[in-house]
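Let's take a walk through this structure together. Keep your viewer open and your selection tool ready.

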Amino acid sequence: MTQQGVRWTADQVLALAPDTASRKAGSKLGTAGPWSQTGSSDEGAVWGLCKGSGSKPYQTIVDTGGDSGGGSGPAYKCSCPSRKFPCKHALGLLLLWSGGAGQVPDGQAPPEWTEQWLAGRRQRAAAKRTAQDAPDAGSAPADPDAARRRAERRAQRITAGATELEQRLTDLLRGGLAQAERAGYGLWEETAARMVDAQAPGLAARVRELGAIPGSGAGWPVRLLEECALLHLLDQGWLHRAGLPEDLAATVRSRVGLPTQATQAAQRDDWLVLAQYDSADGHLTTRRIWLYGTAAHRTALLLSYGAAGRAPALALPAGLALDASVAGYPGAGTPRVELGEQFGAARPTDVRPAGVDVGAALAAYGEALTADPWLESWPVTLTDVVPARDPDGGGWQLADAEGKSALPLVPQASAASGLWRLVAVSGGAPVTVFGECGHRGFRPLATWTGAAGDVISLC
Amino acid sequence: MTRTSTPQTSTTTPTTAHTWDSLVTAALLGTERRSGTSPRALLDEAAAQTLRHRAGLRPAPAVALPEPTGEDPRPPLPAAARRRLAMLLTDRPGTGTTRRGSTPDLLELLPQWLAAANEHGYAPPPELLPALLDAARGRTDLRPQALAFAGPRALWLGRLNPDWKFALRATPGASAALPSPEDTERVRRLWEEGLFAERVALLSIVRAHDPEAARTLLADTWGSERAEDRLMFLDSLRTGLDDADEPFLERALSDRSRNVRATAAELLSALPGSALAGRMADRALSCVALDRTTATIIIEAPHECDPAMERDGVVAKPPAGRGERSWWLGQLVEAAPLDRWPDRLGGRTAQEIVALPVADDWQGELHAAWCRAAVRQHDIGWSRALLGPATAAGAAGPGAVSLAERAKLLTALPRGERAEWVGQFIAAHGLSEAFQLLGVCATPWAVPLGQAVVDALNIARDAGSYPWSFSGVMGLAERCLDPSEVVRLEALTAAVEEPEGSAPGAGGYWGEAFQRLAGTLRLRRAMRDELVPPG
């Protein structure tokens, strides 16, 4: 039995919305008007019927992640045809629920139409737990020999791809980077396609990024040389992976684009959700969710993907903490984890990560680079910093309260609406800011004031 | 790489710095042209240098920190109200479907929410200020309330973000340029050197503080102002108009500009004790007489518009399609103080005067002029008399008094009486003419008025038309109905069988429209309950 009665706040519900349109539509459904037969169970399920334009009301169920959960964050089911996830009905229902027991009563027995879905989830969760208890039985492939042969064939293709890429890089350096600007994007696009053929999506993505650098503003040759050199380093890492320490080899494999699985021992903690944001790349939407383990003082990253216009499946309410176990991915120093079993619904916590100063933030990034040289940025919490604008360049930075040293913000952060929320919260006074610190600057993702102030999303 | 856009490189030794520069040069030109290095060795070295560079990043020097914003002494919003505001602000108009569906328009409720929050004196949550300022940027009507609520931090933000500059202009006291009205030296200088907008603002501040000083300012430079500026300055006297303004206005009657003269005359006629009002009354009274034997009003309209009349603001040339004598008469009656009529017409009350028959089809002309006079002079008795009973036949039609005039007359009545009159009007004549009249009623609507509107909507549905024929009234109802009316609406939100001969699908759309109305009322009640007075 989980501790019940902890309802999320409307902010936390809205943080789950896949996009602005859903947030807006869900807000409007968050009043009693269209809803009937609403209720919530002690196990964390919330349900209701929502009257739409048709004659039959939609059946909406949300599992806020209690015992009945399958261990992958909140889950939603709605009979509406929306492809958004969670849909506006699920958001509206949760908003109604966040308003209190007057709107959605506690401790109800789930009606028949919710029971089936919830029971299915419970069964899957139980099956998953059994499988985790006996990992060999459940997860081993049917034919280990065939799997090994497939893996060997793929490794050979990647090796061929990496070798060819090395050749192209040395050709480029032999002729000079100056030619890269003239050669145009086609050269890189073709090379990227070769890397896709070689089943090395990580290499392909890096090659595509190389193609965007020539002519991208002052100093592009330096940036191009840096990225070429790091790509070369990755090629060499792959070609010589046998000689690398296992951790670094695992990092190389994942950077090249081989699928990896969370194999590190599961760690249970109260994970405070610090930030959640999406980035779109072609047909794929990548969602990053930053968690902070309040007991172990560790920051972890959940990744979730959505294809072809679908929002990624996993959404967690920023500012709440989940009692859950997470399993780490292999590779030295990677913050990436996979969400395992959840023990109860998300609820508020007072714990916030302790912050560091700007110098320590850069040092932490530098330290992390020794384990993963291809790392763009590292999660840090800055304490006592003031957002300030460069009167000449117009760029923003986070300066320490003494006004001595500062971290510039990454250019895209200076243009984002989150920046103004940060500036408004600060009002010229020091604040605590969580974000990603890297060689391009700092990207603010969340802020709060005081020891346990509300987590305010900046992304 | 500029120093302010990325963290600084660590203090590298000159030799490595040199090596990096020469690496970049070699990479740009190509190793073919630079003997002694292989491409492979160049990449190896560049990778090492890049990592050394990134791992050794140092903080950049800080730029000047902003001056912190002042403290906001107001208490913070209750949590529920804060979330409500966030929700109201996420709603943006624009995604262009014409059909409105069954969900409330949140942004339409923002003005009410802001008014209530300001009434309780709450401070805004800082993280919502950007969204609030963006909303106020797009809607100028929202600005006064939004900026009052946003408080000092909005000014601070307005100085940082050019998009929000309006906060600096629109907030009273925000512009450091405006001196205090007592600072006569600075007032005088700004009056003489300031931009037009600054001078108008200055004039209104000084006028509120010391009307005599404002008149002196105005009089001193009057002769050298441009005509359109004179007009605007004169117009600003409308607020707080007073008998003491008469001498100045009287002088403006001989202004070079006709528009200035007309405005001065209009202002003077709104002062029933003014000499101009007296002159106009003498002229008007001489045109209107009572035939005591038949108890009928007899009109003898002016035969000419003499220069004295023109000087008092009577426009000599009528608009196309109007006879000049009736045109002059209308202007005389409009400018004459209403309290002079009872004596002239046999000691009757306004009510009795309005009931008198008027000979020769002059009634429309005469009543319309009295309406304009009642509005100008804010005369309750005459307004009431001219409105007549709301249920009277022809009250909805193109009778003597137009709907626009009725709406203006209504504003003179006390709010309870106003609501009652409009409620009766709607009960008698339906909704199709009610929009303008509803617009002048105080919100939330009084119970009988709200009932009349809901009943009339219900009747309109039964008549089988589409709800968007009533979208104006519907929109008003969403904003103005008392939230407790939601109980009555519940019954109407259920789907009903479509009556014979109704437009296809109308029943469903009505159900949706009533649902939206009920939902909006529920939301407004929740908003009100969340904004409890600070404890």
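Start by selecting R54(B) and E226(A): their side chains meet in a salt bridge, 3.6 Å from N to O. The term means a side-chain nitrogen of Lys or Arg within 4 Å of a carboxyl oxygen of Asp or Glu. Across the interface of chain B and chain A, the rule finds 3 salt bridges.

A word on the ground rules before we move on. This is a predicted model, where local features need pLDDT of at least 70 and side-chain atom pairs count only at pLDDT 80 or more, while totals for chains, interfaces and linings use all residues. Residues are numbered from 1 along each chain as its sequence is written, chains are lettered from A and ligands numbered from 1 in the order in which they are written, and side-chain values use heavy atoms, with hydrogens and water left out.

**The interface**

Now select both sides of the interface: 63 residues of chain B are in contact with 75 residues of chain A (contact means heavy atoms within 4.5 Å). About 5,700 Å² is buried between the two chains, with carbon and sulfur atoms giving 67% of that area. Buried area here is the accessible area (1.4 Å probe) that two parts lose on being put together, summed over both.

Helices (H or I, at least four residues) and strands (E, at least two) are DSSP runs, numbered from the N terminus.

**A sheet across two chains**

Next, select strand 13 (residues 405-408) of chain A and strand 1 of chain B, which run antiparallel and are joined by 2 bridges. Two strands pair if DSSP finds at least two bridges between them. Look for A406(A), which stands opposite A60(B).

Zoom out to an open sheet of 7 strands in the order 16(A)-15(A)-14(A)-11(A)-12(A)-13(A)-1(B), with antiparallel pairing. Strand 16 (456-457) of chain A and strand 1 of chain B stand at the edges with a single partner strand each, so one side of each is left without a neighbour in the sheet. Within the sheet, strand 14 (residues 431-438) and strand 15 (residues 441-448) of chain A are joined by 7 bridges, and E436(A) stands opposite R443(A).

**A link along chain A**

Select D372(A) and R255(A), a salt bridge whose closest N and O atoms are 2.6 Å apart. D372(A) lies in the loop between helix 12 and strand 11 of chain A and R255(A) in helix 11 (residues 246-256), so the pair ties together parts that are 117 residues apart in sequence.

**Last stop**

Finish at an open sheet of 4 strands in chain A, ordered 1-2-3-4 with antiparallel pairing. Strand 3 (residues 58-63) and strand 4 of chain A pair over 4 bridges, and there D63(A) stands opposite A75(A).
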